Every structure is written in C-alpha cells, then in structure tokens.
Amino acid sequence: MASGRAPGSLMRAVRVTEFGGPSVLQLCADVPIPKPADNQVLIRVHACGVNPVETYMRSGTYARKPNLPWTPGNDVAGVIEQVGQHVTAFKVAPRIYRDTVQNQPLRPIDSVPTSDHHTLALSC
C-alpha cells in the first residue's frame with residue numbers, strides 16, 4: 001500500500017554514530033523511509049520516547065550494543081502507513097502505540113517498521 005509519500009522519500013531521524021553521552025545524538029534529515037517486510041507494519045510516528053535502557057545503549061554501557069548507526073526511540077505512537085503482505089491484524093490508517101526494545105539497525109523517529117505482534121491499536 002502507498003504511504004502517501006513519494007517513493008524514495010526521506011525522513012528525519014535522531015541517529016547515534018558513536019557511543020557516548022547525549023552529545024552523540026544527531027538529527028539527520030536524509031534517512032530513507034524504510035519499506036516494511038512481509039510481517040511488519042510501517043508507522044508514521046507522531047510521538048516517540050526514549051526509555052532508560054536506550055540511554056545505556058547510547059552510552060555503550062548496556063550488555064547489548066546496537067549496530068551503528070542506530071536510532072533510539074522504541075516507544076512510539078502514530079498511524080500505520082503501510083502493512084506487509086502477511087499482516088492481517090492491522091490496516092492502513094489506525095492510530096497505534098508500540099513499546100518494545102528490538103535490536104534493529106534502523107530506528108527512525110518519523111517512520112518505524114515493526115512486527116505486527118508488537119503493535120497495539122488505540123481506541124480513542
């Protein structure tokens with residue numbers, strides 16, 4: 001399904017390219033919008049939070065270090081823009097909330113590909 005944005009569109013994302021304090025967070029405006037896999041949904045993120053584990057990951061002190069570049073912000077609320085071919089629980093447009101920590105190479109703040117079983121529908 002189309003996302004409402006032109007193919008090859010770019011998005012903003014806070015990226016970590018080296019481990020360290022808050023100063024290593026960089027706002028990038030040239031991150032390609034990811035395409036969801038068959039079992040994923042693509043979320044246009046309206047609100048995002050960084051949890052304490054992600055601050056430890058950013059500093060490099062957590063047992064599991066993400067691949068760099070990495071984008072923190074796994075707790076998100078937004079709307080589904082695309083659904084993968086095998087996703088049956090969700091359709092395009094419902095508002096959702098997602099909270100989980102996954103080791104994915106790209107965690108954008110504007111759009112997030114995520115497994116459909118980690119996504120909850122918002123009824124409000």
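Two strands are taken to pair if DSSP finds at least two bridges between them, and a strand is itself a DSSP run (E) of at least two residues, numbered from the N terminus.

**Figure 1. Overall fold of the predicted model.**
The structure shown is a predicted model. The protein contains 1 helix and 7 strands, which follow one another along the sequence in the pattern β-β-β-α-β-β-β-β. Of its 124 residues, 44% count as buried. Among contacts between residues at least 6 apart in sequence, 66% join residues at least 24 apart. The accessible surface comes to about 6,600 Å², and carbon and sulfur atoms account for 57% of that area.

**Figure 2. Strands β4 and β5 and their pairing.**
Strands β4 and β5 pair in the antiparallel sense, over 4 bridges. Within β5, Y97 is the bridge partner of A77. Strand β5 has two faces: I96 and R98 lie on the covered face, whereas R95 and Y97 lie on the uncovered one.

I96 counts as buried because its relative accessible area of 0% falls under the 20% cut-off. The C-alpha atom of I96 is separated by 8.2 Å from that of I43, although the two residues are 53 residues apart along the chain.

**Figure 3. The largest nonpolar core.**
Eight residues, listed here as V41, I43, V45, V76, I80, V87, F90 and I96, make up the largest nonpolar core. Strands β3 (40-49) and β4 each supply at least two residues of this core, and β3 gives the most, with 3 residues. In soluble globular proteins, nonpolar side chains tend to be buried together. When residues up to four places away in sequence are not counted, I80 touches V41, L42, I43, F90, K91, V92, A93, P94 and I96. Apart from this core lies another one of 6 residues, among them C28, V31, I33 and L42.

**Figure 4. Cysteines C28 and C48.**
Residue C28 is a member of the 6-residue core. It counts as buried because its relative accessibility of 19% is under 20%. C48, by contrast, has a relative accessible area of 36% and is partly exposed, because that value lies between the 20% and 50% limits. The count of disulfides comes to 0.

**Figure 5. Threonine T71 in the loop between α1 and β4.**
Residue T71 is found in the loop between α1 (52-59) and β4 (75-83). T71 counts as buried because its relative accessibility is 0%, which is under the 20% limit. A polar atom of the T71 side chain lies 3.2 Å from the backbone oxygen of V14. The side chain of T71 also makes a polar contact, at 2.9 Å, with the side chain of R15.

**Figure 6. The cis peptide bond from L68 to P69.**
Residue P69 is placed in the loop between α1 and β4, and T71 is found in this loop as well. The peptide bond that runs from L68 to P69 is cis, with omega near 0°. Most peptide bonds are trans.

Note on methods: Residues numbered from 1 in each chain as written. Predicted model: local features only at pLDDT ≥ 70, side-chain atom pairs only at ≥ 80, totals over all residues. Heavy atoms only, no water. Buried < 20%, exposed > 50% of the residue type's maximum accessible area, 1.4 Å probe, protein only. Contact = heavy atoms within 4.5 Å. Areas by Shrake-Rupley, 256 points an atom, 1.4 Å probe, with all protein chains shown as cover. Polar contact = N/O pair within 3.5 Å; in protein donor to acceptor, adjacent residues only side chain to side chain. Core = buried A, V, L, I, M, F, W, Y, C linked by side-chain atoms within 4.5 Å. Disulfide = S-S within 2.5 Å.
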